[in-house]
Amino acid sequence: MSSIKFPYTREWNGNEIDYWAKIPVALVGNNKRVLTVSGIVDTGAQHCVAKLDYARVLGINLDTCEPYPVGGLGGSGRPGYRTNLELRIVDFNYFAIQTPVIFTEFDEDILLGQKGFFDHFNLNLQKAKGIFTLTQNKLK
Amino acid sequence: MKRNYDLTKVITKDHVGKWVALSQDQTKVLAVSENLEELEKQIDDDTVIVTKVKKPGVSYAF
C-alpha cells in the first residue's frame, strides 16, 4: 500500500498564514491538454469541484455537461457543470482516476472530494505536526 | 523531487488576482498574467502548476 506524507501548504492571506492540505493534480482534457493545478484534499466536498476557467482550457463543452448546481458557504444553487474527467495524482506516479468533476465559478483551483478521490485514498490529518498522510486504497 | 510547500515568499501581494505558473517544485513563479489564455501562451510544460491567486484578507472555506 502506497503512503505519502505531505507538508501543509503555507500561504499568506494578507493577515496571517493559511494552512492547506494541497497536492498537485493533473487534469486531462477532452483535447488531451494536461493542466496541473493544486488540489485541496477536502473531506467536506461531495464531488471533485474545479474552477470553471479550466473547462475551456481542457476543451470541455459546457453544453454537453450535466447541469449540477453546487452549494457551500456561499449558499446553494450556484451553476455547475458536471462531466467525467481523468485526474492524475502526481505524487502517486500519476495514478489516474476517472471521476465526475463539477466545474463552477469559485476561488479555488480544484477540490478533491468524496466521490472519485476518496474512493481511492485514505487521509490522516496531523495539523499539529504540519503534515497530512495520503494512503492509496488498494480495494478499488 | 523535493517540493517547496511554503509559498509565503513565492506568491506575493503583486500576484493577487492574477494567474501564475509555479515551477514543479514550487520554488519560483515562472509566469504571471491577467488571464489564463495569456498564461497558457507563456508555458509549454504540463508539470507547471497553474493557479489564480486569491484575494487577501478573506477566510476561505469550501
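How many disulfides does the count come to over all chains?

1. Basis of the note. This is a predicted model, in which local features need pLDDT of at least 70 and side-chain atom pairs count only at pLDDT 80 or more, while totals for chains, interfaces and linings use all residues. Residues are numbered from 1 along each chain as its sequence is written, chains are lettered from A and ligands numbered from 1 in the order in which they are written, and side-chain values use heavy atoms, with hydrogens and water left out.

2. Disulfides. With a disulfide taken as a pair of cysteine sulfur atoms within 2.5 Å, the count over all chains is zero. The sulfur of A:C48 lies 15 Å from the closest cysteine sulfur, in A:C65, and is therefore too far for a bond. A:C65 is accordingly in no disulfide.

3. Burial of the cysteines. A:C48 has 0% relative accessibility and counts as buried (under 20% relative accessible area, 1.4 Å probe, protein chains only). A:C65, at 8%, also counts as buried.

4. Fold of chain B. Chain B holds one helix and three strands, in the order β-β-α-β from the N terminus; helices are DSSP runs of H or I with at least four residues, and strands are runs of E with at least two.

5. Extent and burial of chain B. The C-alpha atoms of chain B fill a box of roughly 35 × 30 × 25 Å along the principal axes. Chain B has 62 residues, of which 42% are buried.

Notes: Buried means under 20% relative accessible area, exposed over 50%, partly exposed in between (1.4 Å probe, protein chains only).
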